[in-house]
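Colleague: Can you take me through this one? I would like to start with the charged side chains and then move on to the helices and strands.

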Amino acid sequence: MSIRLVNIGFGNIVAANRIVAIVSPESAPIKRLVQEARERGMLIDATYGRRTRAVIISDSDHIILSAVQPETVAHRLSTKDNLEVNEK
């Protein structure tokens, strides 16, 4: 079984098969989701202090913040340039 990895900016990598959604952070429901994840300790901030441009929701209920546009993450997800790790 192999795991596809996708770069979400600044050398941070996420397992592609664990991503449920990639959304923009501007709407109030997404802001609430981020705040609730922060309070529960399920927020991963991968922005390196920059502006959050994409919110990645994983199947493990983790919320990941990225400084890369959602369209860019989705494009990286759909290309064959992703890293692939083989599990043994």
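Colleague: Is Arg-18 buried, partly exposed or exposed?

Modeller: Bear in mind that this is a predicted model. Arg-18 is partly exposed, because its relative accessible area is 38%, and buried would need under 20%.

Colleague: What does the side chain of Arg-18 meet in a salt bridge?

Modeller: Asp-59, at 2.7 Å from N to O. The two come from distant parts of the chain, 41 residues apart: Arg-18 sits in the loop between β2 (12–15) and β3 (19–23), and Asp-59 in the loop between β5 (54–58) and β6 (63–66). Asp-59 is partly exposed, with a relative accessible area of 46%.

Colleague: How many salt bridges are there in the whole structure?

Modeller: A search of the whole structure gives 3. Another one joins the side chains of Glu-26 and Arg-51, at 3.5 Å from N to O. Glu-26 is in the loop between β3 and α1 (28–40) and Arg-51 is in the loop between β4 (43–46) and β5, so this pair ties together parts 25 residues apart in sequence.

Colleague: Is Arg-51 buried or exposed?

Modeller: Exposed, with a relative accessible area of 53%; the cut-off for exposed is over 50%.

Colleague: On to helix α1, then. Which of its residues are buried?

Modeller: Ile-30, Val-34 and Ala-37. Looking down the axis of α1, the buried residues fall within an arc of 65 degrees, so they line one face of the helix.

Colleague: Why would residues spaced like that point the same way?

Modeller: An α-helix has 3.6 residues a turn, so residues three or four places apart point the same way.

Colleague: What covers the buried residues of α1?

Modeller: The cover includes β3, β4, β5 and β6. On the face turned away from the buried side, α1 carries the exposed residues Lys-31 and Glu-39.

Colleague: How far does α1 reach from end to end?

Modeller: From its first C-alpha to its last, α1 reaches 18 Å over 13 residues, close to the 18 Å expected at 1.5 Å a residue. Just after α1 comes Gly-41, with a positive phi of about 80 degrees.

Colleague: What sits between β1 and β2?

Modeller: They form a hairpin with 2 residues between them, and Phe-10 in the turn has a positive phi of about 55 degrees.

Colleague: Last one. Where is Leu-77?

Modeller: In helix α2, which covers residues 70–78. Leu-77 is partly exposed, with a relative accessible area of 22%. Its C-alpha is separated by 8.3 Å from that of Asn-7, although Leu-77 and Asn-7 are 70 residues apart along the chain.

Technical notes. Residues numbered from 1 in each chain as written. Heavy atoms only, no water. Salt bridge = Lys/Arg side-chain N within 4 Å of Asp/Glu carboxyl O. Helix = DSSP H or I, 4+ residues; strand = E, 2+ residues; numbered from the N terminus. Buried < 20%, exposed > 50% of the residue type's maximum accessible area, 1.4 Å probe, protein only. Expected span 1.5 Å × (residues − 1). Arc of directions from axis to C-beta. Contact = heavy atoms within 4.5 Å. Pairing = 2+ DSSP bridges.
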